[in-house]
Number of protein chains: 2
Amino acid sequence: MVKLFVIKIGGNIIDDDAKLASFLESFAAIEGKKILVHGGGKLATKLAAQLGIEQKMVEGRRITDAETLKIVTMVYAGYVNKNIVAQLQSFACNAIGLSGTDCDAILAHKRKHPVLDFGFAGDVDMVNTGLIKALLDQNIAIVFAPITHDGKGQLLNTNADTIAQEVATAMSREYEVQLVYSFEKSGVLRDVNDESSVIKRLDKPGYDKLKRGEVIFSGMLPKLDNAFAALNNGVKKVIIGKAEELDKLITGESGTTIINE
Amino acid sequence: MVKLFVIKIGGNIIDDDAKLASFLESFAAIEGKKILVHGGGKLATKLAAQLGIEQKMVEGRRITDAETLKIVTMVYAGYVNKNIVAQLQSFACNAIGLSGTDCDAILAHKRKHPVLDFGFAGDVDMVNTGLIKALLDQNIAIVFAPITHDGKGQLLNTNADTIAQEVATAMSREYEVQLVYSFEKSGVLRDVNDESSVIKRLDKPGYDKLKRGEVIFSGMLPKLDNAFAALNNGVKKVIIGKAEELDKLITGESGTTIINE
């Protein structure tokens with residue numbers, strides 16, 4: 001099976017021009033098929049503040065009202081996506097920036113929740129694997145903004161970690177997929193204040209133990225839940241670690257390798 | 001030769017949800033190959049005002065400083081482009097939203113001018129006809145945001161009328177291209193205050209005469225210059241008219257047909 005890298009870039013890297021450029025240069029240098037999934041860093045929050053639009057977060061997820069949807073669509077699918085693609089082109093990596101609505105790349109439905117109203121938050125129903133494969137076959141790198149749609153004209157905001165997991169899972173029928181969550185930390189840490197305390201390999205019992213001990217950084221929980229979901233659904237390998245070490249993450253030399261039994 | 005419609009949607013239509021939806025429904029219903037090029041209406045100007053960024057216009061062109069480039073990238077390539085694509089999908093028209101940086105669709109260079117500095121304004125060097133043809137061959141409608149790039153990592157702001165003309169011209173080697181400039185007016189008017197004074201057919205001597213008489217609306221001049229440039233470079237037909245009458249524009253029943261000798 002042909003290898004495919006699905007790489008999520010997140011956290012503060014998006015907000016740091018120098019770190020982002022260096023990351024994109026490493027991404028461009030990866031040989032073979034590759035997909036990049038990005039969030040928006042703090043830009044969306046900053047723009048909302050400038051425009052006086054209050055942002056509500058529940059369980060680490062942004063509540064997406066109509067005004068917030070407009071902002072994330074502008075920032076994620078516009079500014080961040082097109083700047084990333086332009087930089088990749090400058091590093092001789094032919095790339096295309098997509099949101100879920102382009103060629104129905106990712107269909108979703110508005111999240112239903114018994115109590116909370118997440119607004120225009122989308123839970124993924126379908127990834128257009130045919131489209132993605134056709135682009136990858138032409139050696140085009142795909143850059144996904146975390147905006148999906150319901151097929152009825154409504155854009156939806158979807159967590160970028162989840163997009164990465166859903167795309168990785170869907171493509172695992174066609175490729176040997178390696179999913180990389182890259183961000184500002186060196187990996188899953190035993191001690192959140194000690195960057196040298198990276199857990200090299202983490203399996204499900206180990207994860208459950210960490211959760212019980214409450215030593216794990218709470219922002220890491222959805223990432224790890226996505227990681228195990230990916231492994232349970234056909235993804236070959238999941239690695240979590242520092243964006244600045246992307247070349248060592250994809251080889252498994254750096255970061256935390258998530259293991260399934 | 002296979003027919004291709006290149007349709008520019010502009011003016012106030014973008015700002016009017018009901019008119020835009022109706023236009024997109026008509027666009028979706030056009031049979032055959034089609035490309036839509038859009039601007040951003042007043043949204044970019046409005047957002048700039050909300051953020052306290054002063055907008056300068058010279059000769060009908062926005063001066064694109066770094067902050068303005070950020071805004072037009074967000075509004076054009078993000079909000080407007082993705083909402084148009086989502087609506088087209090809801091009308092069963094498979095569409096992809098692109099900016100010039102995606103797969104190097106449109107390469108440009110920063111405008112050089114002996115006196116004025118237009119900032120990050122891009123003049124088109126190359127349209128990626130292979131990419132466009134490959135998408136059209138799969139019956140995908142292409143929706144272009146008027147953002148280009150220089151191949152070296154720099155996004156550029158390019159007039160949407162010009163993008164439409166450049167794309168139409170480049171594609172005329174492969175298709176019988178009909179270029180339609182649709183906006184809020186019924187066509188080229190003899191009397192700018194009288195919507196019933198549409199000039200049905202306009203040739204170059206007629207245009208020169210109109211210009212000498214100074215009866216023509218000044219905002220129309222770049223559109224007409226682009227129209228004649230297109231006809232001089234292989235485009236079969238150019239029609240200018242009201243977006244709400246798109247179905248009659250493409251047949252030539254409404255609007256002004258621009259004629260080359």
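This is a predicted model: local features need pLDDT of at least 70, side-chain atom pairs count only at pLDDT 80 or more; totals for chains, interfaces and linings use all residues.
Trainee: Into which domains is chain A divided, and how far apart do their C-alpha centres lie?
Mentor: Chain A is divided into domain 1, residues 13-159, and domain 2, residues 175-261. Taking the C-alpha centres of domain 1 of chain A and domain 2 of chain A, the distance that separates them is 21 Å.

Trainee: Which element gives the largest share of the side of domain 1 of chain A that touches domain 2 of chain A?
Mentor: The contact between these domains takes nine residues from domain 1 of chain A and 10 residues from domain 2 of chain A. By class, the domain 1 side consists of four nonpolar, three polar and two charged residues. The largest share of that side, five residues, comes from residues 17-29 of chain A, which form helix α1.

Trainee: Which element supplies the largest share of the side of chain A that touches chain B?
Mentor: The contact between the chains takes 32 residues from chain A and 32 residues from chain B. On the chain A side, at least two residues each are supplied by α3 (66-90), β5 (95-98) and β9 (147-149), and the residues of that side divide into 12 nonpolar, 15 polar and five charged. The largest share, 14 residues, comes from α3(A).

Trainee: What relation do chain A and chain B have to each other?
Mentor: Chain A is superposed on chain B by a rotation of 180 degrees, with 0.0 Å of shift along the axis and an RMSD of 0.0 Å. The same surface serves both copies, in that 100% of the contact residues of chain A recur in chain B.

Trainee: Which residue of chain A comes closest to the rotation axis?
Mentor: The distance is taken at the C-alpha atom, and the closest residue of chain A stands at 1.8 Å from the axis. That residue is G78(A).

Trainee: Which strands stand at the edges of the open sheet of eight strands in chain A?
Mentor: The sheet has mixed pairing, and its order is β5-β8-β2-β1-β11-β13-β14-β12. At one end, β12(A) pairs with strand β14 of chain A in the parallel sense over two bridges, and L202(A) has I258(A) as its bridge partner there. Each edge strand has a single partner, so one side of each is left without a neighbour in the sheet, and these strands are β5 and β12 of chain A.

Trainee: Is strand β2 of chain A largely enclosed or left open, and which strand do six bridges join to it?
Mentor: Six of the six residues of β2(A), residues 33-38, are buried, so this strand is largely enclosed by the rest of the structure. K33(A), I35(A) and V37(A) point one way, whereas K34(A), L36(A) and H38(A) point the other way. Within the pairing, K8(A) stands opposite V37(A), and the strand that six bridges join in parallel to β2(A) is β1 of chain A, residues 3-9.

Note on methods
Residues are numbered from 1 along each chain as its sequence is written. Chains are lettered from A and ligands numbered from 1 in the order in which they are written. Domain bounds come from an automatic or database domain assignment. Two residues are in contact if their C-beta atoms, placed from the backbone, lie within 7 Å. Helices (H or I, at least four residues) and strands (E, at least two) are DSSP runs, numbered from the N terminus. Ala, Val, Leu, Ile, Met, Phe, Trp, Tyr, Cys and Pro count as nonpolar, Asp, Glu, Lys and Arg as charged, and the others, Gly among them, as polar. Copies are superposed by least squares on the C-alpha atoms of residues with pLDDT of at least 70 in both. Two strands pair if DSSP finds at least two bridges between them. A residue is buried if 20 or more other C-beta atoms lie within 10 Å of its own, exposed if 12 or fewer, and partly exposed in between; C-beta atoms are placed from the backbone.
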